[in-house]
Structures are given as C-alpha cells and as structure tokens.
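Me: I would like to go through a model with you, beginning with the ligand site. Could you take my questions one at a time?

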Amino acid sequence: MRLQGKRIFITGAGGGIGRAAAEKCAAEGAAVICADLHAASAEATVAAIRDAGGKAVAVIGNLTHEAACAAMFAEGAAAFGGIDALFNNAGICAADDAGPVETPLATWDKTIAANLTSVFLCCKAGIPYLLEAGGGVIINNASIVALVGSAFPQIAYTAAKGGVLSMTRELAVMYARKKLRAVAICPGPTATPLVQAFMADEEAWKLRRRYLPMGRLGQPAEIANLVAFLASDEASFITGSAYTIDGGVTAAYVIDDSQT
Ligand SMILES: NC(=O)c1ccc[n+]([C@@H]2O[C@H](COP(=O)([O-])OP(=O)(O)OC[C@H]3O[C@@H](n4cnc5c(N)ncnc54)[C@H](O)[C@@H]3O)[C@@H](O)[C@H]2O)c1
C-alpha cells in the first residue's frame, strides 16, 4: 500500500482517467477527494471506492471559477485533515476545436479555461494545503500534444496542454526546496468518454489506429498506475519532468499497420 496515510485531491475524478486514478490511489491506501463538475459521476467514484473498503469524499463545483475552486479545496481538506497530493486531471476537448482558422474564439476560451486556467486555480487554492502538510506532489495531466504536433489539430487543446507542461516545470523549480514536487504526465489516446466521440466513427477510428504502434487505445487503469507511482514516496527524486505514456505513439516515425 504505497499511498497509506496520504490524502490526494483528484480533479475530474468522475471521468475516465480521474476515476481510475481515484480507485487506484484508494486501493493503495490513500484517502481520495474526488472533485468534479458533475455530482452524480463524482459520487459514483466515491461509492465504488467505499464499496472496495477505501476512503473517499466528493466535492462538487466548477474548477474554472476561483471561488468554487477554493471552496472545493477547503471542503476536501476539512474532510481528511489536509491534502498531501494533487492530481490536476480535469479537462475537456471541444468537438469544434480544430485549426486556428476554423476554431471559434468561444471554443478557444472555454478550452483554455477548462484545461489550463483550472490547473492554475487548483495550484492557487491547493498549494497552501500541500505546503502545510510538508510539501507533497502536484501531478498535472498534460497530453502527448504538449510534446508533438499533429496534422489533425485541436489548436486550443494543444495550446492549453503546452501551458500545463510549462507550468509544471516552473512549479517544480519554484517549490523544490520546499519539498513540493511537480510532475506532468503526457498520455496518448486513452479509452475514456473524452475520446469516445472521435472513436465512435468507424472511419475515424481506422484512420487513428494507423498512428498507434500497439493498434489500441490506452486504458485509464494503465494511466492510473503511473499516477499512483508518481504520487508515492517511491518517486521522491522525480520533479520537473514529463512522463510520456502513449503505447509508443511519440516514438513512431513510420508504423507497420499491415498486421491486425
Ligand atoms: N482520453 C485521452 O485520450 C487523453 C489523452 C491525453 C490526456 N488526457 C487528459 O486526461 C484528462 C482526463 O481526461 P479523460 O479522458 O478522463 O476525460 P473525461 O471526459 O472522461 O473526464 C474528465 C472529467 O473532468 C470533469 N471536468 C471537466 N471540466 C471540469 C471543470 N471545469 N470542473 C470540474 N470538473 C471538470 C468532467 O466532468 C469529467 O468527469 C484531461 O485533462 C485530458 O485532457 C486524456
């Protein structure tokens, strides 16, 4: 139980990767604060954790709003007497996020708010609790699009994720002497509701699959394993780095997709 005694705040814990991370961290002994916009999905995660014998509470609100975000952290910290780790995971992908010429400004604004401003606000509200608990760790969920470009662009999402990665490095350097670590993860395409819309279309999936060396999407539980490790004391010398977890997508130059 590598997270015994830790209290972790997970944003977007009602969704695919967030829920898997919440369940994995709870199974490793952590008390989990499940933050989400949607009460029903956050509460479903809490129920699953409690059914398995773990500790969790739900805190509901919109993490793009400063006051709501601060209130969610206060409520979460009060539930377990503090916060030791923060997984900034909540995010969105808009269907009409495309190239810079096509993407509406409103889509850009909404995407930057949900994917980048929310991380800033969670750091603003959460870091005082982490420091009070003696340091701890911030894990930011970026994406492979923070590392490589794509000819199928989602310009606002990509820009937001690049910001998340840069912010991670700055946090790491700023707080290293205060024993607060900051790490980014960069997942490749993962089977969650976020990508379902793109993958539901047979033709779109066939096209996407050509760029996946393993020929499959990642599973949320595979990403959760990395999150649990990075949140643990086993990762005590890891800060400021980005962990790619993508089944080889960013390692590929040419893929042999002749095999099924
Ligand atoms: N699925 C992928 O292929 C993939 C790949 C790389 C990175 N990511 C990143 O992983 C993270 C999680 O994605 P997912 O695929 O699990 O998505 P998801 O849609 O399954 O879950 C996201 C969760 O975040 C919550 N959320 C969104 N905006 C919020 C807000 N303003 N306030 C509070 N909660 C909010 C949603 O309600 C949802 O429960 C995102 O940051 C995403 O960009 C996903």
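Me: Which residues come nearest to the ligand?
Reply: Of the 29 residues around the ligand, Gly12, Gly15, Gly91, Thr192 and Leu194 come nearest. A residue is near the molecule if its C-beta atom, placed from the backbone, lies within 6 Å of it. This is a predicted model, in which local features need pLDDT of at least 70, side-chain atom pairs count only at pLDDT 80 or more, and totals for chains, interfaces and linings use all residues. Residues are numbered from 1 along each chain as its sequence is written.

Me: How does that shell divide into nonpolar, polar and charged?
Reply: The shell around the ligand has 11 nonpolar residues, 17 polar and one charged. Gly counts as polar here.

Me: Which helices supply at least two residues of the shell?
Reply: Helix H1 (16–27), H4 and helix H6 (193–199) each do. Helices (H or I, at least four residues) and strands (E, at least two) are DSSP runs, numbered from the N terminus.

Me: What is Ile10 in contact with?
Reply: Leaving aside neighbours within four places in sequence, the contacts of Ile10 include Val32, Cys34 and Phe87. Contact requires C-beta atoms, placed from the backbone, within 7 Å.

Me: And where does Ile10 stand in the strand pairing?
Reply: Ile10 stands opposite Phe87 in S4. Three bridges join strand S1 (residues 7–11) to S4, and the two run parallel. Pairing requires at least two bridges found by DSSP.

Me: What about S4 and S5?
Reply: Four bridges join S4 to S5, which run parallel, and Asn88 stands opposite Asn140 in S5. The chain crosses from S4 through H4 to S5 in a right-handed β-α-β crossover: with the strands pointing away from the viewer, the path from the first strand over the helix to the second runs clockwise.

Me: Last topic: is S6 buried or exposed?
Reply: Eight of the eight residues of strand S6 (residues 180–187) are buried. Leu180, Ala182, Ala184 and Cys186 point one way, and Arg181, Val183, Ile185 and Pro187 the other.

Conventions
Contact = placed C-beta atoms within 7 Å. Buried ≥ 20, exposed ≤ 12 C-beta atoms within 10 Å, placed from the backbone.
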